[in-house]
Amino acid sequence: MINDDFSEDYQRLVSAEAIVWITPVYWHDLAENLKAFLDRLRRCETRRNHFLKGKKSLLVACAGGTGRGAIQCLDRLEDTLGHMDIVAVDRLPIIRFNREYMLPALLGAGRAFATHIEQTASEEGV
């Protein structure tokens, strides 16, 4: 057993109504610490538990430089989450050329995502 906070973090994800995943983009990919966390999470979910199946999520990737890696990063994140049957409701690429309008859009997307989760929960009687 590894002595770290993974079990607590995992339980938070399981009990959450939805999840927002945010990562900086490094060389067209996720941050290494998030990638390592997701690899470990995927092992728990796909082999044993399936507690996160159907969990809705919002994906955000923030890229510097040219920003060309943001879309690839979001695609990899969605693919990884898809192995666990986590559902991506929306994807937001933030790059230095669009951040002036995407940061306010991110706030609006977060509000819309929260409203969607609330409406879905009330429709399901949760």
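Helices (H or I, at least four residues) and strands (E, at least two) are DSSP runs, numbered from the N terminus. The structure is a predicted model, in which local features need pLDDT of at least 70 and side-chain atom pairs count only at pLDDT 80 or more, while totals for chains, interfaces and linings use all residues. Residues are numbered from 1 along each chain as its sequence is written, and side-chain values use heavy atoms, with hydrogens and water left out. This briefing covers a helix pair, the nonpolar cores and selected residues.

**Packing of H1 and H2**

- Helix H1 spans residues 6-15 and helix H2 residues 32-49; their axes come within 12 Å and cross at roughly 65 degrees. H1 is therefore roughly perpendicular to H2.
- Axes here are lines fitted to C-alpha atoms, for helices over the stretch in contact, and angles run from 0 to 180 degrees between N-to-C directions. Angles under 35 degrees count as roughly parallel, over 145 as roughly antiparallel, 65 to 115 as roughly perpendicular and the rest as oblique.
- The crossing of H1 past H2 is right-handed, that is, the near helix is turned clockwise from the far one by less than a right angle.
- H1 contributes Phe6, Asp9, Tyr10 and Leu13 to the contact, and H2 contributes Phe37, Arg40, Leu41, Cys44, Glu45 and Asn49. Contact means heavy atoms within 4.5 Å.
- By class, the residues of this contact are 6 nonpolar, 1 polar and 3 charged. Ala, Val, Leu, Ile, Met, Phe, Trp, Tyr, Cys and Pro count as nonpolar, Asp, Glu, Lys and Arg as charged, and the others, Gly among them, as polar.

**Nonpolar cores**

- A nonpolar core is a set of buried Ala, Val, Leu, Ile, Met, Phe, Trp, Tyr and Cys residues joined through side-chain atoms within 4.5 Å. Buried means under 20% relative accessible area, exposed over 50%, and partly exposed in between (1.4 Å probe, protein chains only).
- The largest such core holds 24 residues, and Trp21, Leu38, Leu41, Leu59, Leu77 and Leu81 have the most contacts inside it.
- At least two residues of this core come from each of H1, strand E1 (18-24), H2, strand E2 (56-63), helix H3 (69-82) and strand E3 (87-95). H3 supplies the largest share, 5 residues.
- Beyond four places in sequence, Leu38 touches Trp21, Leu30, Leu77, Thr80, Leu81 and Met84.
- A second, separate core has 8 residues, including Leu58, Leu92, Ile94 and Phe113.

- Thr23 lies in strand E1 and is buried, at a relative accessible area of 2%.
- Apart from neighbours within four places in sequence, Thr23 is in contact with Leu30, Ala31, Leu34, Val60, Ala61, Cys62 and Cys73.

**Loop residues**

- His50 is located in the loop between H2 and E2. Its phi is near 60 degrees, a positive value in a residue other than glycine, and His50 is partly exposed at 42% relative accessible area.
- Lys53 also has its place in the loop between H2 and E2 and is exposed, with a relative accessible area of 57%.
- Not counting residues up to four places away in sequence, Lys53 touches Glu45, Met84 and Asp85.
- Asp85 occupies the loop between H3 and E3. Phi of Asp85 is near 60 degrees, a positive value in a residue other than glycine, and Asp85 is partly exposed at 37% relative accessible area.

**A residue of H4**

- Ala105 sits in helix H4 (residues 99-123) and counts as partly exposed, at 32% relative accessibility.
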